[in-house]
Amino acid sequence: MSSYIYALIILDLVLAGYIIGPTELNISLKYYDSILHFVAGVGIGFFVYGLARSFTPSLSRGKSVLIFWILVVGVVWEL
């Protein structure tokens, strides 16, 4: 259940970054969009991991599986 909470927090921060970042905070970094895309991929990775754990309870091997899923989804999201 905690991976869903992490995903919700991360994706809310990304949404806030897209909404108020460039306009209200005058953030004009060259790679701002790429940074938010990567962080969104991490949030979606947490969500996919939580979803996979819901359907496959034996998927609780630890942090290595979590890190693997987060990196896979983050890389696929950026492609």
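Modeller: We begin with pLDDT, which is the predictor's confidence in each residue, on a scale from 0 to 100. This is a predicted model, in which local features need pLDDT of at least 70 and side-chain atom pairs count only at pLDDT 80 or more, while totals for chains, interfaces and linings use all residues. Residues are numbered from 1 along each chain as its sequence is written, and side-chain values use heavy atoms, with hydrogens and water left out.

Colleague: In which helix is confidence lowest, and in which is it highest?

Modeller: Helices are DSSP runs of H or I with at least four residues, strands are runs of E with at least two, and both are numbered from the N terminus. Confidence is lowest in helix α3 (residues 63-78), with a mean of 73, and highest in α1, with a mean of 84. Over the protein chain the mean pLDDT is 78, and 82% of the residues reach 70 or more.

Colleague: How many helices and strands are there in the protein chain?

Modeller: The protein chain has three helices and zero strands, and its elements run α-α-α from the N terminus on.

Colleague: How many residues does α2 have, and what span is expected for it?

Modeller: The expected span of a helix is 1.5 Å times one less than its number of residues. With 24 residues, α2 reaches 35 Å from its first C-alpha to its last, which is close to the 34 Å expected.

Colleague: Is Ala7 buried or exposed?

Modeller: Buried means under 20% relative accessible area, exposed means over 50%, and partly exposed lies in between (1.4 Å probe, protein chains only). Ala7, which lies in helix α1 (residues 2-24), has a relative accessible area of 3% and is therefore buried. Val14, also in helix α1, is buried because its relative accessible area is 7%. In α2 the buried residues include Leu36, Ala40, Gly43, Gly45 and Phe46, and across the 79 residues of the protein chain 28% count as buried.

Colleague: Which residues does Ala7 touch beyond those up to four places away in sequence?

Modeller: Contact means heavy atoms within 4.5 Å, and by that rule Ala7 touches Gly43, Phe46 and Phe47. Ala7 and Gly45 are 38 residues apart in sequence, yet their C-alpha atoms are 7.7 Å apart in space. Val14, leaving aside neighbours within four places, is in contact with Leu36, Val39 and Ala40, and the C-alpha atoms of Val14 and Ala40 are 6.3 Å apart across 26 residues of sequence. Of the contacts in the protein chain with a separation of 6 or more, 63% are between residues 24 or more positions apart.

Colleague: Is Phe38 buried or partly exposed?

Modeller: Phe38 is found in helix α2 (residues 32-55), and its relative accessibility is 45%, so Phe38 counts as partly exposed.
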